[in-house]
Amino acid sequence: MSAGAKVAAAPSAPLWGELRYSGELIRLLADRELRGPSRRPDAQPVLLIPGFMAGDGSLAVLSFWLRRRGHRVAMSGMRANMDCADRSVRRLQRQLRELAEKSASPVVLIGQSRGGALARALAVREADCVAGLVMLGSPVRDPLAVSAPILRTVRWLARLGDLGLPGVFSTRCRDGECCATFREEMSAPLPEHVTALAVHSRSDAIVDWRACLDPHAESVEVDSSHCGMSVHPGVYRALARLLDESQEPAWSR
């Protein structure tokens, strides 16, 4: 798993806090304004990228909400986000270019956890195709600033990758050449035209919130579980603001 500068320790929030997901979803569904968003005729396309070991289904609620706003939504195609980071970004580059070309418009990238790190790399590599970037609980400053159970899972998967299991990162991804460019992209300045949000929660029990403070993005704090960021009302309000601000006339190549 690729790593940047080590800036944080494991999160101190209790793991039982992650049980808040259902309550966060209920509050979202109970919010009349968020439940029935106004449709934007000029809404920009969006590419969604799930978190570590998660697939596109984890962002189904967010995808539905975005479509109701009028956005053309593309999913990552991931069943489980645990492949080599650079390999994943290269596949996503093709999807991003195709979405931007079909939509004749730059794309807003939204990634949760590890998906936000992949989205950040995309924004650096494919700046002309990107209008906005949202990282939800993404430890871009130190991808290993995670809880002990998650860190054990990371190490276990890396061993499987070392043994040649396809579709899984290896220990070489952390310090080897395969992800050297990706590691640089985690601290590289973002393009000036890309509106970027880095969402964090001090009560996140999976990722240390300090590792999510991207110096090149606007920091947004919510009181959310880690997994619940994809259904948290406060996140949706921040998303609505960014999506409205990042709208611009359609372009073509």
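Q: How much space lies in the largest pocket?
A: This is a predicted model, and in it the largest pocket holds about 400 Å³ of space.

Q: Which residues lie nearest the centre of that pocket?
A: Gly51, Phe52, Ser113, Arg114 and His226 lie nearest the centre, and they belong to a lining of 27 residues.

Q: And what kinds of residues make up the lining of the largest pocket?
A: The lining divides into 18 nonpolar residues, eight polar ones and one that is charged.

Q: Which helices each supply at least two residues of that lining?
A: Helix H5, which covers 114–125, and helix H6, which covers 148–162, each supply at least two of the lining residues.

Q: Staying with H5, at what angle do H4 and H5 pack?
A: Helix H4, made of residues 85–103, packs with H5 at an angle of about 60 degrees, and their axes are 10 Å apart. That angle makes H4 oblique to H5, and H4 passes H5 in a right-handed crossing.

Q: Which residues make the contact?
A: On the H4 side they are Ala85, Asp86, Ser88, Val89, Arg90, Leu92, Gln93 and Leu96, while H5 contributes Arg114, Leu118, Ala121, Leu122 and Arg125. By type, the residues of this contact divide into seven nonpolar, two polar and four charged.

Q: New topic: how far apart are the axes of H3 and H9?
A: The axes of helix H3 (residues 60–69) and helix H9 (residues 233–245) are 12 Å apart, and the two helices pack at an angle of about 40 degrees. H3 and H9 are therefore oblique to each other, and H3 passes H9 in a right-handed crossing.

Q: Which residues meet there, and how many of them are charged?
A: Val61, Leu62, Trp65, Leu66 and Arg69 in H3 meet Tyr236, Leu239, Ala240, Leu243 and Asp244 in H9. Two residues of the contact of H3 with H9 are charged, eight are nonpolar and none is polar.

Definitions and conventions:
Residues are numbered from 1 along each chain as its sequence is written. This is a predicted model: local features need pLDDT of at least 70, side-chain atom pairs count only at pLDDT 80 or more; totals for chains, interfaces and linings use all residues. Side-chain values use heavy atoms; hydrogens and water are left out. Axes are lines fitted to C-alpha atoms, for helices over the stretch in contact, and angles run from 0 to 180 degrees between N-to-C directions. Helices (H or I, at least four residues) and strands (E, at least two) are DSSP runs, numbered from the N terminus. Angles under 35 degrees count as roughly parallel, over 145 as roughly antiparallel, 65 to 115 as roughly perpendicular and the rest as oblique. A crossing is left-handed if the near helix is turned anticlockwise from the far one by less than a right angle, and right-handed if clockwise. Contact means heavy atoms within 4.5 Å. Ala, Val, Leu, Ile, Met, Phe, Trp, Tyr, Cys and Pro count as nonpolar, Asp, Glu, Lys and Arg as charged, and the others, Gly among them, as polar. On a 1 Å grid over the protein atoms alone, a cavity is a set of points where a 1.4 Å probe fits but cannot get out, and a pocket is an open set with protein on both sides within 12 Å along at least five of seven lines; lining residues have an atom within 4 Å of a point. Grid points are joined across faces, edges and corners, and a volume is the space filled by probe spheres set on the points.
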